[in-house]
Amino acid sequence: MDRYSEGMPPAKRVTITDIARLAGVSPGAVSFALNGRPGVSDETRQRILAVAAEHDWLPSSTARALTGARAGVIGFAVNRPARTLGAEAFFTDLVAGVQSALAPHRTALQTAIVASVDDELATHRRWRSAHQVDGVIVIDPRDDDPRLPALRALGLPAIVIGSVASRPGDPATLWVDDRRVAATLFAHLVELGHGDIAYVAGPAEFQHTKLRAEVLAATADHAHVIATDSSPAAASAALHELLDRPAPPTAVVFDNDVMAIAGLRAAQERGISVPAALSIASFDDSVVAALVHPSITCMTRDTFGLGADAAAFLLEQIDAPDVLPDRAAAVPRLTVRDSTAPPR
């Protein structure tokens with residue numbers, strides 16, 4: 001029987017006073033050492049840090065707020081359906097990249113899956129008021145995004161991963177030129193001879209969705225856009241809707257690899273040969289996209305590197321007294337595979 005089942009209280013939290021006693025120094029010296037401030041010798045600092053690590057000491061959020069110390073955590077609130085996130089290589093790679101850049105700085109990542117923009121705003125406010133995070137990464141920006149002025153009002157450092165440069169006063173953006181990305185992929189299809197092209201997108205309010213749709217309208221003779229919730233089921237339904245039209249498109253581009261694979265399966269279930277009768281492509285790439293048959297033409301990006309760059313940018317922003325200038329991310333490259341070909 002363990003001590004909890006016997007009714008014993010949990011172990012007492014280790015305090016700065018406890019660390020001072022174990023290290024044989026004053027509480028003030030412990031505070032200097034743990035917060036990286038001058039006032040103690042290197043030998044004493046290392047002894048204090050060793051004692052703190054041995055006893056898994058972490059400062060309380062209340063104590064951090066009172067002293068102005070950092071939380072050692074950045075936040076990432078994701079407003080996407082939870083059921084789709086685990087299947088998307090983009091988010092897995094992005095989070096892995098973020099964590100790889102934070103680890104050398106002994107900084108943790110706190111994630112939250114939220115159901116709406118209001119929930120995301122509430123999460124940012126809660127994190128800020130409780131001093132739980134030092135800054136946040138924001139994705140999927142919108143035109144007139146309410147999150148950006150809210151973060152500015154909260155004084156919470158932030159970096160936006162977006163498709164265009166930030167407006168004056170908004171948080172800095174690590175931006176991928178989605179207009180150029182879309183032009184590259186749609187131009188590939190037009191060069192193959194496709195004039196009737198569809199784009200099965202994620203939520204219509206996302207900035208990158210609007211940019212890609214605008215590029216398609218300017219590129220194809222006949223453009224079709226269907227906005228969905230990015231789920232495989234929605235992608236399959238969208239493809240069926242497109243193929244049931246009197247003049248169906250000869251090529252369909254999906255927002256991500258999972259949607260494209262779902263569309264490929266839907267086409268095959270209808271006996272439609274890809275790419276002989278229908279070309280399929282994706283704005284996101286993954287190992288799976290290269291392994292299915294036929295393998296899927298994609299825009300290949302270094303999503304791991306994008307996450308690492310965003311985290312490093314945010315750490316710099318946290319240290320900076322003012323909003324840093326925007327930075328351009330690496331532009332994805334076109335990877336042509338077996339799922340695209342000239343139309344019949």
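This is a walk through one protein chain, from its overall layout down to a few individual residues.

The model is a predicted one, so local features are described where pLDDT is at least 70, side-chain atom pairs count only at pLDDT 80 or more, and totals for chains, interfaces and linings use all residues. Residues are numbered from 1 along each chain as its sequence is written, and side-chain values use heavy atoms, with hydrogens and water left out.

Let us begin with the whole chain. Along the principal axes, its C-alpha atoms fill a box of roughly 80 × 55 × 35 Å. The domain assignment gives domain 1 (16-67), domain 2 (73-176 + 303-331) and domain 3 (178-300); such bounds come from an automatic or database assignment. The centres of domain 1 and domain 2, taken over C-alpha atoms, are separated by 30 Å.

In secondary structure, the chain has 14 helices and 12 strands. Both are DSSP runs numbered from the N terminus, with helices being H or I over at least four residues and strands being E over at least two.

Of the 344 residues in the chain, 50% are buried, where buried means under 20% relative accessible area, exposed means over 50%, and partly exposed lies in between (1.4 Å probe, protein chains only). The accessible surface comes to about 16,100 Å², with 55% of it belonging to carbon and sulfur atoms; these areas come from the Shrake-Rupley method with a 1.4 Å probe, and for residues only the protein chains shown count as cover. Contact here means heavy atoms within 4.5 Å. Among contacts between residues at least 6 apart in sequence, 68% join residues at least 24 apart.

The chain carries 31 positive and 40 negative side chains, and the centres of the two sets lie 5 Å apart. For this count, Lys and Arg are positive and Asp and Glu negative, while His and the chain ends are not counted. Each charge is placed at NZ of Lys, CZ of Arg, CG of Asp or CD of Glu.

Now to the sheets. Two strands pair if DSSP finds at least two bridges between them. An open sheet of 6 strands runs in the order β2-β1-β3-β4-β5-β11, with parallel pairing. β2 (108-113) and β11 (327-328) stand at its edges with a single partner strand each, so one side of each is left without a neighbour in the sheet. Strand β1 (residues 73-78) is joined to β2 by 6 parallel bridges, and V73 sits opposite A108 in β2.

Another set of pairings can be followed from strand β6 (residues 196-201), which runs parallel to β8 and is joined to it by 4 bridges. Here Y199 has V253 of β8 as its bridge partner. Strand β8 (residues 251-254) is covered on both faces: A251 and V253 on one side, and V252 and F254 on the other, are all buried.

β9 is in turn joined to β10 by 2 parallel bridges, where A281 has T297 as its partner. In strand β10 (residues 297-300), T297 and M299 point one way and C298 and T300 the other, and all are buried.

N256 lies in the loop between β8 and α12 (257-269), and it counts as buried because its relative accessibility is 3%. Leaving aside neighbours within four places in sequence, N256 is in contact with E88, S230, S282 and D284.

S230 has some backbone interest of its own. Most residues other than glycine have a negative phi, and most peptide bonds are trans. S230, however, has a positive phi near 75°; this residue is in the loop between β7 (222-227) and α11 (232-243) and is buried at 4% relative accessibility. D140 also has a positive phi, of about 55°. D140 is found in the loop between β3 (135-138) and α8 (147-154), and at 10% relative accessibility D140 counts as buried.

One runs from V274 to P275, with omega near 10°, and P275 lies in the loop between α12 and β9. Another joins H293 and P294, with omega about -5°, and P294 is in the loop between α13 (287-291) and β10.
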